[in-house]
Amino acid sequence: MREGAEGEYLLHATAYADSTNVFMPFYRQAGLRYAGEVWKRDGIFDAAVADMPYGDIVAALDYYFQHYNNGRPFIIAGHSQGSAIVKMVLKKYFVEHPDYYRRMIAAYPIGYAFTKAEFEAYPHMKFATGECDTGVIITWNTEGPKNREVNAKTAVLQPGAISINPLNWKLDGTYAPASMNLGSLWPNEKTGKLEIVDRGADAQVFPDRGVVVTHAKGEEMTEERFAVASVFFGPDGRHGEDYALYYCNLKANVAKRVAAYLLQ
């Protein structure tokens, strides 16, 4: 688990490293099988992270704010299960610590559903409306066209979900061509090292489903891995590439929101 977390740093947390000092705590994650059982039972796997994983993150946040933050503004971010925990932090921890929440530049819980009903139930949470607003939540769930065509059920999507387009930062169906993509983070097939490349990743929000659809080619998978991924993320899922496909645009957006916050 610790080795996997190192990979998550390279693939995800580095998107924030140019604009922030990254604090990335280890936590005890919910296993995929258990999360899948909770998803099948509840239609979402929030409950899978509600105990030990959330408790670990609360302890880490307490330590961070007491020893490292020093009253500075901050960004909170995650992906997938990490984003499910960020959602709980937004709903619970920051309600208990409103003084911290007032200093939040933005939250990027990418790759997990935030629904319209949740924003109505938790009015202190605001979804982003553009490229530079602050104190807001920014997220998207990426899919290929087939998922939408077959209306695939996925473990990270809910009815009423909202996604923002990571290329044009719009909530409507305005299409963003791949020419707007500043670069994707992808492993070199020969060396295995991560590089900034052009994957042809376009983006279009489909508000009826609450997803971002791309025509970019997905990562190569073994038959066994595809079988597992398709169960959780549909036959044309791009869940593992939520960050990778739009990596440079995300980095640029983080810098813009930090600058906008500091100008207030």
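One aromatic cluster in this predicted model is formed by Phe 23, Tyr 63, Tyr 64, Phe 65, Tyr 68, Phe 74, Tyr 93, Phe 94, Tyr 100 and Tyr 101. Residues are numbered from 1 along each chain as its sequence is written, and side-chain values use heavy atoms, with hydrogens and water left out. Because the model is predicted, local features need pLDDT of at least 70 and side-chain atom pairs count only at pLDDT 80 or more, while totals for chains, interfaces and linings use all residues.

A pair of aromatic rings is described by the distance of the centres and the angle of the planes. Rings of Phe, Tyr and Trp (its six-membered ring) pair if their centres lie within 6.5 Å; planes under 30 degrees apart count as stacked, over 60 as edge-to-face and the rest as tilted. By this rule, 20 aromatic pairs are counted. Phe 65 and Tyr 100 make a stacked pair, with 3.9 Å centre to centre and 10° between the planes. Phe 65 belongs to helix 3 (residues 52-67) and Tyr 100 to helix 5 (residues 98-101), so the pair ties together parts that are 35 residues apart in sequence; helices here are DSSP runs of H or I with at least four residues, strands are runs of E with at least two, and both are numbered from the N terminus. Both Phe 65 and Tyr 100 are buried, meaning under 20% relative accessible area, whereas exposed is over 50% and partly exposed in between (1.4 Å probe, protein chains only).

Trp 140 and Tyr 246 have ring centres 6.3 Å apart and planes at 85°, so this pair is edge-to-face. Trp 140 is buried at 0% relative accessibility, and Tyr 246 is buried with a relative accessible area of 0%.
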